[in-house]
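Hi there,

Here is the structure I promised to pass on. Please open it beside this message, and then read on for my notes.

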Amino acid sequence: MQAKNTALTAVDLALEKKGENLLLLDVSGKSSLTDYLLLVSGRSDRQVQAIAEHIRTEFKQRYKLQPFSVEGMDRGRWVLLDYGDVTIHVFQQPVREFYDLEGLWSEAAEVPLPQVVAG
């Protein structure tokens with residue numbers, strides 16, 4: 001699966017678990033670590049864990065994709081799934097605001113997500 005398709009699939013999977021405030025950034029050419037960053041918010045530790053586990057499980061079952069690294073699953077405040085070309089961050093909103101990855105990557109292009117309704 002190509003990186004952009006992987007990232008967009010992760011968007012769909014996060015939405016299946018009611019992920020909020022999704023933001024997909026194209027950081028290719030700006031990062032040597034990854035091409036796409038997906039930022040997702042959850043309302044609780046359980047929801048953050050459920051979103052991340054759903055993405056991990058579906059990638060493994062559907063596409064035989066395993067993450068290089070998973071961090072933070074045990075606490076559920078901020079889970080990182082590293083798939084190489086795609087890095088997924090699932091946060092509780094206060095943690096997301098504190099670390100402000102949107103600000104850190106403000107120069108990155110936002111990938112339009114037409115299926116996400118602003119609100």
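First, the ground rules. This is a predicted model, in which local features need pLDDT of at least 70 and side-chain atom pairs count only at pLDDT 80 or more, while totals for chains, interfaces and linings use all residues. Residues are numbered from 1 along each chain as its sequence is written, and side-chain values use heavy atoms, with hydrogens and water left out. Helices (H or I, at least four residues) and strands (E, at least two) are DSSP runs, numbered from the N terminus.

**Helix H2**

Let me start with H2, which takes in residues 45-63. The expected span here is 1.5 Å times one less than the number of residues.

Which residues of H2 are buried? They are Gln 47, Val 48, Ile 51, Ala 52, His 54, Ile 55, Glu 58 and Phe 59. Seen down the axis of H2, these buried residues fall within an arc of 150°, so they line one face of the helix. That arc is taken from the directions from the helix axis to the C-beta atoms. As for the cut-offs, buried means under 20% relative accessible area, exposed over 50%, and partly exposed in between (1.4 Å probe, protein chains only). On the other side of H2, Arg 46 and Gln 61 are exposed.

Contact means heavy atoms within 4.5 Å. After H2 comes Lys 64, with a positive phi near 60°.

**Helix H1 and its packing on H2**

H1 has 14 residues and reaches 20 Å from its first C-alpha to its last, close to the 20 Å expected at 1.5 Å a residue. Its buried residues are Ala 3, Thr 6, Ala 7, Thr 9, Ala 10, Val 11, Leu 13 and Ala 14, and they pack against E1, E2, H2 and E5. Just after H1, Lys 18 also has a positive phi, of about 65°.

How do the two helices meet? Two packed helices are described by the angle between their axes and the distance between the axes. H1 and H2 pack at an angle of about 130°, with their axes 9 Å apart. The axes are lines fitted to C-alpha atoms, for helices over the stretch in contact, and angles run from 0 to 180 degrees between N-to-C directions. H1 and H2 are therefore oblique to each other; angles under 35 degrees count as roughly parallel, over 145 as roughly antiparallel, 65 to 115 as roughly perpendicular and the rest as oblique. On the H1 side the contact is made by Thr 6, Thr 9, Ala 10, Leu 13, Ala 14 and Glu 16, and on the H2 side by Ile 51, His 54, Ile 55, Glu 58, Phe 59, Arg 62 and Tyr 63.

Leu 13, in helix H1, is worth a click. At 1% relative accessibility, Leu 13 counts as buried. Setting aside residues up to four places away in sequence, Leu 13 touches His 54, Ile 55, Glu 58, Phe 59 and Arg 62.

**Residues elsewhere**

Asn 21 sits in strand E1 (residues 20-26). Its phi is near 50°, a positive value in a residue other than glycine, and at 47% relative accessibility Asn 21 counts as partly exposed. Asp 100 is not a glycine either, yet has a positive phi of about 45°. You will find Asp 100 in the loop between helix H3 (93-99) and helix H4 (101-104), partly exposed with a relative accessible area of 40%.

Gln 93 belongs to helix H3 and is partly exposed, at 26%. Leaving aside neighbours within four places in sequence, Gln 93 is in contact with Asn 21, Ser 41 and Gly 42. The C-alpha atoms of Gln 93 and Arg 43 are separated by 6.9 Å, though these residues are 50 residues apart along the chain.

Phe 98 is in helix H3 as well. Is Phe 98 buried or exposed? At 64% relative accessibility, Phe 98 counts as exposed. Phe 98 and Glu 58 are 29 Å apart in space, C-alpha to C-alpha, and 40 residues apart in sequence.

Happy browsing!
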